[in-house]
Amino acid sequence: MKITYKTIKNTKQIDKPNEDIVFCDLDKKIFILLDGVSRDNINGKYPNPSPAAEVANILKNEIYKNLLLIDEKNDNILNAIFTSLKNANNEVRLYNESANLQFASGAVGIVAMIDKEMFYYAYIGDCYGRLIYKDKSITFTECQTKKISQHKKEYTSYEIREIICNNIEHPYAYGVLNGDERACQFIVLDKINLSKVKQIILSSDGMEDFLSKCSVNLLKSNNAVELLERAIVDNNEKQDDRTIIKIELEEGNG
């Protein structure tokens with residue numbers, strides 16, 4: 001198994017730091033990719049240190065700490081991943097309660113583990129996961145912000161953040177790990193047999209415009225760093241933070 005990953009700062013705003021976080025434990029086969037939800041400028045400047053970046057880091061630390069406790073003989077891995085996200089979301093709640101922010105800071109992301117030939121994952125929000133087979137690519141995640149993105153001009157920022165976010169009853173609802181316990185309703189859990197899978201790509205939404213246009217051969221023949229560099233060449237003007245993990249499985253799959 002070969003793992004490559006990389007993250008780069010956005011080109012939207014000079015003073016806006018990278019709010020994506022990527023973390024891979026190659027020994028435990030744990031993969032964490034998080035994307036902090038952008039904040040508003042304050043007096044014309046982006047807050048730095050960024051609460052979104054701080055929350056993403058809190059989530060990463062808590063998720064990883066919980067996943068290290070998994071007993072592979074007894075624990076259900078999907079349940080353990082869900083619990084790690086739930087506990088991490090609670091840590092974000094504590095952060096937001098003490099931070100005195102205009103609106104709760106949060107992040108979205110995808111968390112995965114590989115055990116034998118099984119790929120276990122959970123995601124919330126608008127991060128992406130792809131399975132690369134011999135001659136096809138399949139996206140196994142669904143963008144939870146697609147509907148609100150199409151209708152965002154119909155709502156104020158307050159309505160989107162406070163009424164629609166994490167409200168499962170709203171037709172344009174989407175999930176964010178921002179300390180709201182309702183966020184757990186938006187966590188999608190599943191597992192995939194990897195016997196025929198060649199590669200796995202996990203990415204933040206900043207990579208999606210590029211990756212969605214790539215051929216299977218291009219996805220297969222470039223590692224994470226190379227794909228990100230190609231994305232920069234393709235378009236580096238006013239782009240969001242971009243983060244990608246590529247997992248190349250053992251030869252013989254498929």
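On a 1 Å grid over the protein atoms alone, a cavity is a set of points where a 1.4 Å probe fits but cannot get out, whereas a pocket is an open set with protein on both sides within 12 Å along at least five of seven lines; lining residues have an atom within 4 Å of a point. The structure examined here is a predicted model, in which local features need pLDDT of at least 70 and side-chain atom pairs count only at pLDDT 80 or more, while totals for chains, interfaces and linings use all residues. Residues are numbered from 1 along each chain as its sequence is written, and side-chain values use heavy atoms, with hydrogens and water left out.

The first topic is the sheet that contains strand E9. An open sheet of 5 strands has the order E1-E10-E9-E6-E7, with antiparallel pairing; strands (E, at least two residues) and helices (H or I, at least four) are DSSP runs numbered from the N terminus, and two strands pair if DSSP finds at least two bridges between them. Its edge strands, E1 (2-8) and E7 (137-139), each pair on one side only. Neighbouring strands of this sheet are turned by 15 degrees against each other on average, direction ignored; axes are lines fitted to C-alpha atoms, for helices over the stretch in contact, and angles run from 0 to 180 degrees between N-to-C directions.

Strand E9 (residues 199-203) is largely enclosed by the rest of the structure, because 5 of its 5 residues are buried, that is, under 20% relative accessible area with a 1.4 Å probe and protein chains only. In a regular strand the side chains alternate between the two faces of the sheet. Both faces of E9 are covered, with Gln199, Ile201 and Ser203 buried on one side and Ile200 and Leu202 buried on the other. Strand E6 (residues 128-132) is joined to E9 by 5 bridges, and Gly129 has Leu202 as its bridge partner in E9. Another 5 bridges join E9 to strand E10 (residues 242-248), where Ile247 is the bridge partner of Ile200. E10 is also joined to E1, by 7 bridges; Lys6 has Ile244 as its partner in E10.

A further open sheet has 5 strands in the order E2-E3-E4-E5-E8, with antiparallel pairing. Its edge strands are E2 (20-25) and E8 (188-193). Between E4 (residues 107-115) and E5 (residues 118-124) there are 7 bridges, and Asp115 has Met118 as its bridge partner in E5. Helix H1 (residues 51-67) packs on this sheet, touching E2, E3 and E4, where contact means heavy atoms within 4.5 Å; the direction of H1 makes about 160 degrees with that of E3. Helix H2 (residues 77-99) touches E4, E5 and E8, and its direction makes about 25 degrees with that of E5.

The largest pocket holds about 1100 Å³ of space, a volume being the space filled by probe spheres set on grid points, which are joined across faces, edges and corners. Its lining comprises 38 residues, of which Val37, Ser38, Asp126, Thr145 and Tyr174 lie nearest the centre. Helix H4 supplies the largest share, 4 residues. The search of the whole structure finds 1 cavity of 30 Å³ or more, and the largest cavity holds about 50 Å³. Residues lining this cavity include Gly206, Phe210, Asp234 and Arg242. Helices H5 (208-211) and H7 (224-234) each supply at least two residues of that lining.

Conventions: Buried < 20%, exposed > 50% of the residue type's maximum accessible area, 1.4 Å probe, protein only.
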